Amino acid sequence: MDKPLVAIVGRPNVGKSTLFNRIVGRRIAIVEDTAGITRDRIYAEAEWNGREFVMIDTGGILLNEVDPLKNEVTIQAQVALDEADVILFMVDATTGVTPGDEDIADQLRTSSKPVLLVANKADNDVREQDAMEFFALGVGDIHPLSALNGRAVADLLDEVVKALPEEGKEPAYPEDAIRIAIIGRPNVGKSSLVNAILGEKRAIVSDIPGTTRDAVDTVLRRGDDEIVLIDTAGIRKSGKIQGSVEYYTVLRAVRAMERADVAMIVIDAFDGLRDGDKRVAGFAHEAGRACVIVVNKWDLCSEEDMREFAEKVHKQIPFLDYAPVVFTSAVEGMGITDAVDTAMDAAANHAMRISTGELNRILQDAVDEHPYSRKGKDFRVRYATMSDVKPPTIVIFVNNPDLAHFSYVRYLENRIRREYSYEGTPLRLIIRRAKKER
Ligand code: GDP
Ligand code: GDP
């Protein structure tokens, strides 16, 4: 459940994201309106020889709020040291050792964690030989490979799996519990909210043995519901964070999300939506979890209009338009019950199936009402099926996927949402060519 984390660090352009993509594999194309998300995926689950782990490309965590006294790569390396179980330190075999590599090596050399030195762009035998010069960095064995053509990547993965920590015990979560991760920038009120939720009259609270190191998990019971709260707040107090808080916020938010059904994305009403909030929201969306936006500290803004505020938030993070916005004051205990109820509803929607018959009826009606054609060709839906839930994933087989303009797919999504309350959950629509028309 708490999968080990493997981080790739290294100078820009050595090939980190190329290796990341090769290891995590290309995911099936997901057609969705990703306005507002314009970056690459930097975080994904991977598996090799039956061992599961999570890969992170630290080069992809680009932030505005980097401490000007530190260089960004150094911060990334520090994050990897603090958070990861195995570190892949990547260098470029075509350039040889550079001062930038030496800086990172200095930092990693003191680590007690396994560091694998990956000499990338070793596309052929000659370059593989050249890569031996990286011994000078003093970081241990060299793994020459080519992220681009795949050469020796399997060998590296064998080594990664060997270096992973032993599989730990799964935390003893109650079976049907809904897991809620409370995520957000520092100081938005996450701890206060957790306390307010735990202090609710309806809540009966107990600790979970086996709770993981980077978040504090608590079980509570409300009526018939069991809930696990995954709190990412306490961790901020743990480290040598200095000026790079956001790296940790982001990283820990994504890790917490991994074991959650629903994310409560907490923002500070008084501050409004900041870039850091947008990033956290982007990750929640990308993780495919149910989402609720919690506008906390509403006591400081009680003059304002909730509806207007919610609209403004949705405009700033349009990719989360399915996420309900709730208003709380953790200090005054306002809106807490509603926030938890909304999260529970979102979690239920996240797991909700539609029958194949119903689904096909909705989509056929949608196409009949608003037919779509491009360059004289009609777009036709042959049939659709719900292939998965959490999040609900619908495969739509069509006559010609090239005709599936994203705005039309969006229209189909909205038609489904009109009939089934999928509030709080992303829907994934996958467009495929119907077989007989190949
Ligand atoms: P990052 O900045 O470290 O994430 O680097 P990228 O993954 O974006 O790669 C930088 C450049 O190096 C791109 O042009 C890649 O195509 C190229 N590249 C990555 N891996 C290899 C490799 O194994 N061999 C060669 N020849 N080029 C590579
Ligand atoms: P975290 O870092 O996200 O866990 O935030 P904390 O829960 O530690 O709260 C940060 C600060 O905001 C503390 O001083 C809290 O007292 C304050 N705070 C939290 N919730 C509220 C709220 O609803 N209203 C007001 N006015 N202050 C709050």
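The model is predicted: local features need pLDDT of at least 70, side-chain atom pairs count only at pLDDT 80 or more, and totals for chains, interfaces and linings use all residues. Residues are numbered from 1 along each chain as its sequence is written, chains are lettered from A and ligands numbered from 1 in the order in which they are written, and side-chain values use heavy atoms, with hydrogens and water left out.

Colour the protein chain by pLDDT, the predictor's confidence in each residue from 0 to 100. The mean is 84, and 83% of residues reach 70 or more. Select strand E13 (residues 325-327), which has the highest mean pLDDT of the elements, 98; then strand E8 (residues 203-207), which has the lowest, 57. Strands are DSSP runs of at least two residues and helices (H or I) of at least four, numbered from the N terminus.

Next select residues 27-39, where pLDDT stays under 50. Where pLDDT is low, the predicted coordinates should not be read in detail.

Now select ligand 1 and the residues with a heavy atom within 4 Å of it. There are 15, and the closest are Asn13, Lys16, Ser17, Thr18 and Asp123. They divide into 4 nonpolar, 6 polar and 5 charged. Helix H1 (residues 16-24) gives the most to this shell, with 3 residues.

Zoom in on the oxygen atoms of ligand 1. A polar backbone atom of serine 17 is 2.8 Å from one ligand oxygen. At serine 146, a polar side-chain atom lies 3.0 Å from an oxygen of ligand 1.

Methods:
Contact = heavy atoms within 4.5 Å. Polar contact = N/O pair within 3.5 Å; in protein donor to acceptor, adjacent residues only side chain to side chain. Nonpolar A, V, L, I, M, F, W, Y, C, P; charged D, E, K, R; others polar.
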